[in-house]
Each structure stands twice: as C-alpha cells, then as structure tokens.
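Please open the structure in your viewer and keep the selection panel at hand.

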Protein chains: 2
Amino acid sequence: MTYQELSREELLKIKASLEEEYEEFKARGLKLDMSRGKPGAEQLDLSMDILDPVYIADARAKDGVDCRNYGVPLGIAECRELFGELLGVPAKNVIICGNSSLNIMYDYIAQCMISGSGDAPWASQGKIKFICPAPGYDRHFKVLESFGIEMLTVPMLDDGPDMDLIDELVKDPSVKGLFCVPKYSNPEGKVFSPETVRRMAGLKPAAKDFRVIWDNAYIVHDLYDDSPELANIFDACREYGSEDMFIEVASTSKITFPGAGVSVIAASDKNIEMIKKRMGVQIICHDKLNQLRHVNYFKNADGIKAHMKRHAAILRPKFEAVLQKFDSEFSGRGIARWTTPKGGYFISLDVMEGCAKRVVALCKDAGVALTGAGAAFPYGKDPKDSNIRIAPTYPSVEELSLALELLCICVKLAAAEKLTAQK
Amino acid sequence: MTYQELSREELLKIKASLEEEYEEFKARGLKLDMSRGKPGAEQLDLSMDILDPVYIADARAKDGVDCRNYGVPLGIAECRELFGELLGVPAKNVIICGNSSLNIMYDYIAQCMISGSGDAPWASQGKIKFICPAPGYDRHFKVLESFGIEMLTVPMLDDGPDMDLIDELVKDPSVKGLFCVPKYSNPEGKVFSPETVRRMAGLKPAAKDFRVIWDNAYIVHDLYDDSPELANIFDACREYGSEDMFIEVASTSKITFPGAGVSVIAASDKNIEMIKKRMGVQIICHDKLNQLRHVNYFKNADGIKAHMKRHAAILRPKFEAVLQKFDSEFSGRGIARWTTPKGGYFISLDVMEGCAKRVVALCKDAGVALTGAGAAFPYGKDPKDSNIRIAPTYPSVEELSLALELLCICVKLAAAEKLTAQK
C-alpha cells in the first residue's frame, strides 16, 4: 500500500515510529560522507603500483624527450596515442593536460569568453546561454554561473536529454553550447543512446560558435561486463561535418588517482589548434613524468579496461547495496523513484516532491552528509525539490549500509511529515 | 682599440677573417640550443631521489588527508608551510598549485579580465595597460598581449626598473599593473634593491585595482654563497598597507623538475580569498601526491637551499665560461656589453645597436639556437635591436664553449659588417 493510500492515523503512527528510529540513529553520532563522487581508499590502493619508479625508468619518452624537463606542451606522443585509442580518435586530436578535466572545461569556457570559440568573444556577444540537461553535474553549472552564462534546463529522458527540446533551443543564436556527461550521466547514470549521439552530432544551431562540452568522465567506468556502449561522438560527426562542435574531455581521476591523474581533451583539428595557441601562452608544459607513468603502467586501452574491472569489483557491491535497500524500503510505497545505473559514480534518487531538502537536512543532523538537494540542477534549484544524488563509492560497505539505513528512514519520515501536514 | 677606432681597411680584414672562421663553424653542422632557460640533465639528476616512493609513504598528509584523493584545493598544510617559510609569508597566504607558475599568472590575469582584481572586470574598463620593465621575460609579455593589454616599456636600471618613471605612469587609471622578476631578473639577472622594493610597496596607483605580478622565479637560485638578498615584498607592504597590490608566484620548476614540480602563489588575505573562489569553480584540487613528495624530500626551506647549492655547483662553471669568453673576446672592442648576474638563468648581452637580429640569424644558420632577438621586449621589439638573452644552463660545458665560440664570432662579424657598411 502506498503512503498516499494510508489514513492520517496510520501515517501518524508510522511517523512516530520513524521519529523514534531517527532519534536512535542521531544518538549514535555518525560522521559519514556520501556527498561527492570520490573513489574509496580500497580503489586508490589498486593503483599504488603506478608510483613505482620503474614506470618512469630513465624519464625518457619513446622519442627521447626528457620528461623531467620543459617542453612538449600537448603531451608525450605515446600518452596521446593511449588516450586516442581509448577515446577512439587520432592521437593528433588529443591533448594531455594536468590532473583535472574540470580545469580543462573551465579554461575552455574562459577562452571562449575572452577570445571566442571560432567567432567573436562570447563576452562581447551580450547575454549568452547554455543548454543544461538536468539533473546534471553541479560543477558544470557552477562554471557557467561563474561566467554569467544563462542556463536553460532540459530534462533528461531515458536515452539522454530531450533532443526535441534541444532542437528548438538551438534556434536561438544566443545559445552557445551545451554541457553533458554522455555515459553514466551525473547523477542518473544514464547512457546516451546511439540515436541521441547521432542527433547531437546532427544539431544545427543558429550560433556558428556553438560548442558541446562532451564530458566523458565515465568512459570506462562500467560496473558490469555487459554494460552499455556509448557511440563515438566524433564518428557520428563525420556524417554531418560537425566535428568542430564538440570538445570531449576525460581523465584518469577515477582510474588512477583523483589528486594525481592525467586529463585529456579530444577535439577537431581546428579546435586543437585554437586550444594549443592559448595553452602556448598559458603554460610551458604539463606533468610529463605523470604521463609517462600512466603510459608505461597501462600500456594500452586494454590495460586501462582490465584495471577498471578491478574498480568494478569494489564498486558493484556498493551500488547493489543501495539498490537493494531502496527496493526493500521504498517499493510499492509511492514515496521514491531511483535509477539503476550500470556504471559511473552515482545513483539518482527522487523522493516525494518537496521533500529533498528536508531529507538532506535530516541526514545531515544525524551525521550523514549528502550532496545538497538541488545541486544537480542549474542555479542549485530543483523545481520539484525531489532529487537527491547518491554517491555510494567513498564509504566502506559497512558505513554505506549504516548511511542507507538512516537515509531510508529520513525519506520515509519526510514523506510522512508532508502527507500528515496535508491530510 | 675599439672596432669604431679601426680604419675601413682594418675592419674589412677582420671581417674577412671572421667570415672564414664562421664558415668553418658552419661546416661542423652544430645543433645546440641556448634559447630557453632550461636546466641541464645533470641538474635534473640531482632530484631523481624525490621520485622514490618513500617520500609519499602512505600517501597521507600530516592531518591524515589521503593525498591520492580529491580535496584540499589550496594544497596540503605542510606544503603551504614549507613555501610560506621559503617566501617569508604565513602559510595561510600561500596556495600550492600545479606544475607551472606561468599557468598561475595567466589564470590570474584571465580572472582579472573576467571578474576584476577587486573592482570592475578589466575587460569592461576599455583599453587597459600594464607596465613592463624591459628587457624582461618574454612569456609575461605574451600573456599580456594575448589579452590585448597594452604594454608600456620601462627601462631596467641597475637596481631594478626606473621607479621615477613608474611613479608617473601609475597616475593613469587605465594602467592596471606591472609584471616583474624581482630577483635575478629575466634576462639581466638584476636584483631589485631594498629601496626599489620599498618604492614598489609604496606605489600609489590611480587605479585602485592595480596589481603587481611579483614573479619570484629565482628566489633561491643563487650561484654564490654571498649572492644578494631580495627584500621581502610583503614585509615592505606593511608600512603602506599595500599588501593587496602584490601577487607573488614561484615554483620548483628549476629546483626539482620543470615538467613535474609544484608552483605557489603568495598573496594577501583578500586576494587569496578571491583566487580561492575562482579556483573552487575551476578545479577540485591540484596534485597533492607531488606536494607530499616535495615536502617529505626537502623538509624545510633549509632543505631547499641546500639542494640549490648543488644546482649552483653545476651552473657556476657555465655562467663563468660565458663571462670569461665575453671578457676575452669583447673587452675594449666597443661592440658589446653584458651583465654579470650572481644567480638566475640568464646573462643579458647587448651587441652593437642594430646587430642583434643579425647575430641571432648568423648563429641559427650555423646550428646554434638563441632566444629570438627582441624577445625580451614587449611585442618582441627591441628599439635598439641590441639585446640577446644568453641561456647558458641547458648545454654541457663543452657544448656551451663551442656555442660561445660561434656566438662571439657572430657578434664581431655583425659589428664589422655594420661598421664597414657605414664607413
């Protein structure tokens, strides 16, 4: 029976019992963090061998470049080849950067604001706008917000963002781009279907300087062997000649180390040329020793994929613990819906409308940090106050099950509070 | 006897003999690079131990932070303390960044353009200008040029830039800042005197959002034990309350590895807060494992200074080889002047007016790459076509002496060419 079907008396009883359970939890003084998509320590341990000096040997790249010294601003050849193979693009269309793909995206938007993406500087074009499939990645939205770019929310459907709506929005020449996570979208874990990828490649924006930031953060972050494949965006572009419209980024933050990995840009010849020009003024080179480490450790894309299976073995039980708990606590109660991703770092939970903030606050007061309610929406505003991003990767399975126990109590309690107040 | 005092016939004879020597050199097919301030391989070898995993031990910072994971955007506490000690500022006024201080400076100027340095965005204030002591660092000028900031050249005197002229220039409110290398200035190796530092701190610019980029690239890069000291700019600021006017940067690019060091910002509370806010959108964290390596390897500022003595032992013979050669080839001939720096990475050579481009071209044709003539001036334009930046660090002593041999022939040949054409 759903909560909605219960009588006020039944709900008040449930509420009283939940309040009791909640107070018991609160008394335990938990201090758990499910707020960010951070790998757990066990995952980080998987990559400790990469720090063995054997992987930087004599510090020489294949072509003899001394990786300790200045130079080679686009990254050593073998590292560009490795990530070219992984992303399915030629090495010449790849630049290896520092440890942060967020940094790449920020710098690219800054470049567009100051110098343009191929036309006049965005900052000189009056009010400009970006399309933001939502729920989405909060840090994308923060970048846009920091540059004063207006965000237009587009709903995420099962196979990616609402492309019909996007087709309409791009008719406005002040709409300059779109941020997305095409595989295991943050936070829902959805994968853009081949048709969505094709439609993205075929977009006909009024703005000639329109750019899609294709944040392929979870490109090899599958939980299962039969996880879905994402179509190659640059392959799809060939049909339309739209290669210049896409800036793809990825990183090893969740392959090796979030604090000490390498990040990568893939883009068309024209975009690589423009980024290279800016980067040539901005920096002399990125950390080539770390590039060498990554290449010598992984050797090729298969090496990375094999490594990711070890991550998956650690992450699967965590994701499954969340899904089983949600299933047993919420099924048939009409108070929550959630996604069942096959990879990535998040599960998206939609609680009863108007209850997300309350749930997050309740959890916080009892010592469990969740991502702020609304964070997955532009300007941090979830119109339904319903979405909560669940990040199950960082806590241990034991901590996670404790945190879930509390979370489920809070979701039910907030629903009971809402319904009893209404009835 | 100076070249100027010689007869046309004597000069023609000298010229013919130099041409012969030059052709002999050309025939040797040299391929030497004296163009950039890169450490030599022997210097890089000094720091190989830092890559030993022992220096990242369990990857934990003192406060327990796992340096492999996300977080701690301003840098781990002990690394901020280390560089705070080195720069003579409190750790709270230090941010540790990636491997490039150029990247810090670029990003800071970009931030000022887009969001301002404390007032309106620079990009919204019409034509803005920067003061550029010259000869100076070509990459500073490239940054300014890339943002369309007009550069005002100010001559370097023996104790730093011409402060009287700067006092005048800052009366213009469109003058927003100044780039400088206060210790072992690039390329002259001059050290700002205590009085220059005091006058810098006491500047009264009309622009309230005026910023001095204090690029302390060679803070511990002394060649001799009795090398001159640079006064602490933030100490000097206290007298005037002008701390907000200075952004200091430094890096370990020429302490450990140019490709894999750490860089650092030192700034006032207010500026740190503004940079922190932007960085919080731009990046989740920098490479904390590398921060940990640097701290555990050096331990404290004395550890860094001891390490730099080993660099000095390698660099001194190279600098002295250049100076001895210049002395023996040019003294009393009226065709060249040069600086005699006590540290840093460069020697500045002024050849006969109108001859620098010719000398660089001659050297290039014979296989020795020098920094482009004019590079040390805004817009790459040396008004006297006289300055050549000598970077003696990268070649071995043997290569260097070969390159010097050629360079001296070219300097004399260009002078002889010029004088014979005139007479």
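Begin by selecting α12 of chain B, whose buried residues pack against α1 (8-27), β11 (347-351), β12 (368-370), β13 (387-390) and α13 (397-422) of chain B. The model is predicted: local features need pLDDT of at least 70, side-chain atom pairs count only at pLDDT 80 or more, and totals for chains, interfaces and linings use all residues. Residues are numbered from 1 along each chain as its sequence is written, while chains are lettered from A and ligands numbered from 1 in the order in which they are written. Helices (H or I, at least four residues) and strands (E, at least two) are DSSP runs, numbered from the N terminus.

Within α12(B), residues 356-365, select B:Ala356, B:Arg358, B:Val359, B:Val360, B:Leu362 and B:Cys363, which are buried. A residue is buried if 20 or more other C-beta atoms, placed from the backbone, lie within 10 Å of its own. Just after α12(B), select B:Gly367, which has a positive phi of about 95°.

Next, display both chains. How many residues of chain B are in contact with chain A? There are 42, and they meet 42 residues of chain A; contact requires C-beta atoms, placed from the backbone, to lie within 7 Å. On this side of chain B, α4(B) supplies the largest share, 6 residues.

Finally, compare the two copies. A rotation of 180° with 0.0 Å of shift along its axis superposes chain B on chain A, with an RMSD of 0.0 Å; this is the relation of a two-fold axis. The superposition is by least squares on the C-alpha atoms of residues with pLDDT of at least 70 in both copies.

Technical notes: Contact = placed C-beta atoms within 7 Å. Buried ≥ 20, exposed ≤ 12 C-beta atoms within 10 Å, placed from the backbone.
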